[in-house]
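I opened this model to look up its pocket and one of its sheets. My entries follow.

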Amino acid sequence: MNRRYFLGRLGSALLLVVSGAFVRLRPARGAIEAESSMPSYGMGVDIAKCIGCGRCMAACITENDVPQPYFFRTWVERYVMKNDGDVIVQAISAEGEQPSEATSEGDVLRSFFVPKLCNHCANPPCVQVCPVGATFATPDGVVLVDDERCIGCRYCIQACPYGARYLHPVRKTADKCTFCYHRITKGLLPACVEVCPTQARVFGDLNTTASPLTRLKRMFKIHVLKPHLNTEPKVLYANLDGEVR
């Protein structure tokens, strides 16, 4: 056996070994399809469409039995931009009532409404700080609280940079928006999305091209709240002003 023939046979054998290893290590096609079919839920808000009617807040209170009058799972803020550069932020009531004007109409450059809620972050600080694992993220990307495990330590409330959590006054456990998880798992929309008269809120699966949320991303430049924190929020905003905090 000459040297050239030996090296040729050796190279062929190594190629077969490497090919076999690649075939064994590559995941099955069904596993890939199953992974891509897992939804990743999110919400979109078009600021230009929000009229500050408060119906989203009222629907959330009714649907989730949110204790009143001091707690909310979702809320709406009115931003008033003055000609001198000052910014006034006002809270909107669930009945759509707005606070009395803090400035004259002539001093206002523009105003708009910003709905807010739990951002269901892909990198949630609330999950990281929970000492008992009561706050967790579901496989479809929704951040929830297990009431039976929560000890009411308030760590998650302090860790949330969006002020989206509160301690339930009766249960003494952390509470917040759940994207109406009991509804979306049945194919229904979150209550706030369903009642919005201007379709300022949309909900959908970020992993599908046919989702209303995916269409919103294609049509507008999208922003998130406090992007510098790297929490990767899944509440996406269109037409968001840079003054919103």
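Predicted model: local features only at pLDDT ≥ 70, side-chain atom pairs only at ≥ 80, totals over all residues.

Residues are numbered from 1 along each chain as its sequence is written, and side-chain values use heavy atoms, without hydrogens and water.

Entry 1, pocket. I looked up the largest pocket and found 17 lining residues, with Lys49, Gln199, Arg201, Val202 and Pro212 nearest its centre. Two or more lining residues come from each of strand E1 (41-46), helix H7 (191-195), strand E9 (201-205) and helix H8 (212-219) (DSSP runs numbered from the N terminus, helices being H or I of at least four residues and strands E of at least two). H8 gives the largest share, four residues. The volume is about 300 Å³, taken as the space filled by probe spheres set on the points, which are joined across faces, edges and corners.

Entry 2, sheet. I then traced an open sheet of three strands, in the order E3-E2-E4 with antiparallel pairing; two strands pair if DSSP finds at least two bridges between them. Strand E3 (87-91) and strand E4 (108-117) are the edge strands, each pairing on one side only. Strand E2 (residues 74-82) pairs with E3 over five bridges. I also recorded that Tyr79 has Val89 in E3 as its bridge partner.

Technical notes. 1 Å grid on protein atoms, 1.4 Å probe; cavity = no way out; pocket = protein on both sides within 12 Å on 5 of 7 lines; lining within 4 Å.
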